[in-house]
Structures are given as structure tokens and as C-alpha cells.
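Subject: Structure handover

Hello,

Here is the structure I said I would pass on. My notes on it follow below.

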Amino acid sequence: MQEELLELREDIASGIDSGKLRTDEMVLNMGPQHPSTHGVLRLELVLDGEVVVKIIPHLGYLHRCFEKHAEAMTYPQVIPYCDRMDYLAAMNNDHGYALAVERLMDIQVPERVEYIRVIMAELQRIASHLVAIGTFGMDIGAFTPFLYCFRDREFILDIFEKTCGARLLYNYIWIGGLSHDVYDGFEKDVMQFIKAFRPTITEVNNLLNYNKVFIERCASIGVLPPDVGISFGCSGPMLRGSGVDFDLRRDDPYSIYDRFEWDVIVGDGSAGTLGDCWDRHMVRVKEMEESCKIIEQAIAGLPEGDISEAIPKRVRPLAGEIYTRVENPRGELGYYIISDGKGNPFRVKVRAPGFVNLSVIDAISRGCLVADLVAILGSIDIVLGEVDR
Amino acid sequence: MAAEALTPEAVFNQLNDTFSDYELTYDENVPCIIVPANAIRDVAMQLRDAEEYAFDYLMSLSGVDNGDETLGVVYHLYSFTYKNQLTLKVIVPKEDPKLKSVARIWLTADWHEREAYDLVGMTFEGHPDHRRILMPYDWEGHPLRKDYEVPEFYNGMKVPY
């Protein structure tokens, strides 16, 4: 028995040396049901041992034909479908769509509507970033910060629920206005939330972001150089993490963002290399503070007024087309809408930030370990609902 | 480096001088530049690399069925240097919808061209990985065409609900 084993081992060894036994690449499927893919995404990995040689992403598991549906709906009916694309940032999605149709129809919305929209969009940004930060920590193995993040996100969802009755998919921002005005005591609730939320950022910083184990896992992993990011069309925290100072709220101002004082956060590579996972993560963390600043100023300046005076009875834009982009928590969300003068859109194309950001994964993950790939995927912060649409 | 961002019309006039072999047209309703299918790669290269344009960011690439026996591809460009936007359009006939790929010029176009092929069904010549992306790989037809008919069955499963 012993001798047989020894013989076998010699055979294997000589086989490797002579090239008879193949020790080359292996193909492994990660997903579609893998907790770190944040939904249903299948990555076909070509591995050399533990090292990633190539990644072939397979999308479409959550494809719900948004663009085909949109062609069969009237313009206001499309809004609930927009909610369902990026279900963690439904307010921002509606905001972009409403803005595009308003520009197409040349509608001027009341001041109060603009202010409420900005407050809602920024609250939603905080909620979305909290999910991103919490789940990223969890991907890497830190479970506790996830609970802190979800605890605070709950306050935001409560505010949304009190405003419009829904916790996740709101159908709140309508073309020309809003579905409801805010409730009495809304301002107080929001200010109270911000007061209670600021210490959480410090808490998460202490627990997770400046934790040595966490930094070791993220620093210099998945480095995205700025020029590669631009060529791939990355946007949002993904691109800012690589040091590109670009935020649509400032550089292509829409709504009333030009009235507020706030800073665009960019990565600086202080933990490792510029554009690594830690930079992207920290951009999100610091952006939450900037959103708080915007919300405070918007609450202070919230004017009185009627929120439904500009809502059109019939939405029927003249023939034409428009490309409008807004800053989603994940990056540049673009709507390309063509109207042929009828009641339903001729073509709606969505440029989803998650879709574009995800396309970079093969380029930045080659040569890393499988365990690091989980960190990279988490730091891209995809929502499959909008990747697949 | 010029400090001024060029208007779409100025870009068109300059491009027209550079590419006298191709027939470029300017649509002032949108406004956009309509580029012939065989010229799009050269024009794109020029727009990205020439210092006076520097359109280094492809925001979006959309496939459109125009509904009149033609398909269109719309490119929305942005320049980080000058902070201006430009729209390009390519119109191809429905019988033979072929145009050159720009996936090597802006890497964004890689997945977007696959999406346009998948949903609208034009062929991008020279694309490195010309496959469907959102629909299943064995799906037949291109759903965003105006004359598309939903199939009865897909692999034995009933499709219309």
C-alpha cells in the first residue's frame, strides 16, 4: 500500500515535469447565487490556482425589459418602473426621469418642489451609501458595522414612509411635481435624523474604516487608474475614488444644486494606491457628511408653496429628443428619451451607472486573488436591478 | 489648449473640413452630427484624440429603431477638458445594419454596443466580443425593434403572460 502510494506520487511528479499532466487554468463560476455578488450576477472566472487570470461577466438574470415596457406606457406610468431599476436609490431615479421629461416639455417646477426633491434625493443618497458601506464591510468579514448602517437607514425609510407611504419604491417624484406634500413636522424629523446620524459616521470610522484589518484587505486592491476609469465611462464614487474631481451636481448642475455650499470628495490614496477599494469606500463615507450639509441648507431655505401647480394634466411632449443626466449614488444616471409627439415615449434608453461601472471589473481584477475579487466587487457597489434593467 | 469649448456647429464645420471624403451632415434640431456608418471610427478617433475636441468620455450609446426602415445609433460624448457635450448619430438601413465599432476607442462602448446589438440588432464590425448581453444567449430576435413579435415559446416555456 505504502509502495503503491509512493509510486503514484512519483508518477504524478514525473507527469508534471514532462508536461503530461496538465496544471493549467481552471474555470470557476462565481454566482449567480453568491452572497457577495449583491444579487444575481454570474462571473465566469478563469483561475490559475488562486489567482484570477480573466473574468467573463454574464448579466441579464434580472432583466425585466424596462425599455420595452416604457414604450408601451404613458410618460407618468413609467415612473414606477424607474423605481424598480435601482431599488436602493428610487428617489434619485425618479428625479432623473422627471427632470428629463420636464426639460422635454419645458416645464418650470415650483421652488418648493425643487427643495423637497433635493432633500429627498440627498436622504436617499445617504440611505444608499449606508447599504453600500455596510454590505462592503460584510463582504470582507465585518458584520457589526452592517447593523449600525441599517439601523440608521431605517430612520430615513421611516421619513419616506411618513411622506408617501412607501419604504422602498416611492413613485413620489412626479413629472412637474410630487405625489404628496411633506407632512407636518417633516423638517423637525429630518434635522433630528441628521443630529443623530453624524455620530454614526464617526462610529463606523472607528469600527471599520480605520481598522487595520479592514485597511489591509482594501488598500492597493483593485486599483483603477483615472484615465482607465474615464475611458470605461466610470462615474460617481468609482471615478472620484480614482482622484477625478467630477460630480454632476456641481459640473452639470441640475435642479437647485448650485445654491448650496458643499465639497466634492475625491480619493487621495492615503491608505495605499490612488483608486483602490479603500478610496472608493471612503468617498462614500465622506459624501454622507456632504449630503448632510446640503440637507441642512435645503431645510433652512424650504419655501412655502403649492407642490402640484405645475403637474400637467396631459403629458404629451412635442416631437424631439433629450439626454439628461443626474448624479445617482452610484454615478451618472442618464435618460435618453425620444418623443414622437404621442402620449407614450418612442424610445427610452437608460444609461445605468452600475452597468458601466461593472464593465471595468475584468480590467481591474486580473492578477488578484479570489478573496480580493470579493472586495473589488463590493467596492464597485452594483445594484443588479439597474445593471440588468 | 484653447480655453473655449466649441459649439456642436463649430465642431461640425471643422470635422467637415478634415473629413472631406465622407458626407457628414448637421441636424440643428437636436443638435447632432450625422456620420456615415463607415466613417464613425475615424471620426470618433479624431474627436477623442485631437486637442481642440478632447471628447474623452462616452456618456451613452443607444440603439434606436427609427420606425422607417432604418436603425440608428446615438453617441453622447462629453469632454472633461472643455466640459461640453456632443451628439453623434449613425443611421443604417434595416436590411443591412452594419457599422464600425468604437469599442476600442471608448471602452464604455464595449458593453453598450453589445446591448444595442442585443436589443435593436445592428452589427458592430470589429467589436472584440460580439455577443448578447442582457437577453439569454439563445434568444431569437431583437426586442426593441418596432416590428418585433414576442415569441410564443422560449425553450418550451410560455413567453407572453
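How many helices and strands does the secondary structure of chain B come to? The count is three helices and nine strands. Please keep in mind that this is a predicted model.

Chain B overall

Along the sequence, the elements of chain B come in the order α-β-β-α-β-β-β-β-α-β-β-β. Taken along the principal axes, a box of roughly 60 × 30 × 25 Å holds the C-alpha atoms of this chain. Chain B has 161 residues, and 50% of them count as buried. If one takes the contacts in chain B between residues at least 6 apart in sequence, 48% join residues at least 24 apart.

Lys89(B) is part of strand 5 of chain B, which covers residues 85–93. Is Lys89(B) buried or exposed? Its relative accessible area is 13%, so Lys89(B) is buried, the cut-off being under 20%. The side chain of Lys89(B) makes a polar contact, at 2.7 Å, with the side chain of Glu321(A). Neighbours within four places in sequence aside, Lys89(B) is in contact with Glu321(A) and Tyr336(A) from chain A, and with Val30(B), Cys32(B), Ile33(B), Ile34(B), Val35(B), Val73(B) and Val74(B) from chain B.

Val150(B) is in the loop between strand 7 (123–125) and strand 8 (153–154) of chain B. With a relative accessible area of 47%, Val150(B) is partly exposed. Apart from neighbours within four places in sequence, Val150(B) is in contact with Val159(B) and Pro160(B). Glu23(B) is 127 residues from Val150(B) along the chain, and the C-alpha atoms of the two are separated by 38 Å.

Helix 5 of chain A and its partners

In chain A, helix 5 (residues 111–140) and helix 6 (residues 144–164) have axes that come within 9 Å and cross at roughly 155°. Angles over 145 degrees count as roughly antiparallel, and helix 5 and helix 6 of chain A are therefore roughly antiparallel to each other. The crossing of helix 5 of chain A past helix 6 of chain A is left-handed. On the helix 5 side of chain A, the residues that meet helix 6 include Met120(A), Leu123(A), Gln124(A), Leu130(A), Gly134(A) and Met138(A). Those they meet in helix 6 of chain A include Phe146(A), Cys149(A), Asp152(A), Arg153(A), Ile156(A) and Phe160(A). By class, the residues of this contact between helix 5 and helix 6 of chain A are 14 nonpolar, four polar and two charged.

Helix 5 of chain A also pairs with helix 7 (residues 186–209) of chain A: the axes come within 12 Å and cross at roughly 25°. Angles under 35 degrees count as roughly parallel, so helix 5 and helix 7 of chain A are roughly parallel to each other. Helix 5 of chain A passes helix 7 of chain A in a left-handed crossing too. From helix 5 of chain A, the contact is made by Ile119(A), Met120(A), Leu123(A), Ile126(A), Leu130(A), Ile133(A) and Gly137(A). From helix 7 of chain A come Phe186(A), Val190(A), Phe193(A), Phe197(A), Val204(A) and Leu208(A). This contact of helix 5 with helix 7 of chain A has 12 nonpolar residues, one polar and no charged ones.

What do the buried residues of helix 7 of chain A pack against? They pack against helix 5, helix 6, helix 8 (212–218) and helix 12 (277–301) of chain A. Among these buried residues are Asp189(A), Ile194(A), Thr200(A), Ile201(A), Asn205(A) and Asn209(A).

Loops of chain A

Asn171(A) is in the loop between helix 6 and strand 6 (173–174) of chain A. Phi of Asn171(A) is near 50°, a positive value in a residue other than glycine. Asn171(A) is partly exposed, with a relative accessible area of 27%.

Ser220(A), in the loop between helix 8 and helix 9 (226–232) of chain A, is not a glycine but has a positive phi of about 60°. Ser220(A) is partly exposed, at a relative accessible area of 40%.

Pro312(A) is located in the loop between helix 12 and strand 8 (320–328) of chain A. Gly176(A) is 136 residues from Pro312(A) in sequence, yet their C-alpha atoms are 6.7 Å apart in space. Not counting residues up to four places away in sequence, Pro312(A) touches Met105(A), Ile107(A), Ile175(A) and Gly176(A).

Regards

Definitions and conventions:
Residues numbered from 1 in each chain as written. Chains lettered and ligands numbered in written order. Predicted model: local features only at pLDDT ≥ 70, side-chain atom pairs only at ≥ 80, totals over all residues. Heavy atoms only, no water. Axes fitted to C-alpha atoms, helices over the stretch in contact; angles between N-to-C directions. Helix = DSSP H or I, 4+ residues; strand = E, 2+ residues; numbered from the N terminus. Parallel < 35°, antiparallel > 145°, perpendicular 65-115°, else oblique. Left-handed = near helix turned anticlockwise from the far one by under 90°. Contact = heavy atoms within 4.5 Å. Nonpolar A, V, L, I, M, F, W, Y, C, P; charged D, E, K, R; others polar. Buried < 20%, exposed > 50% of the residue type's maximum accessible area, 1.4 Å probe, protein only. Polar contact = N/O pair within 3.5 Å; in protein donor to acceptor, adjacent residues only side chain to side chain.
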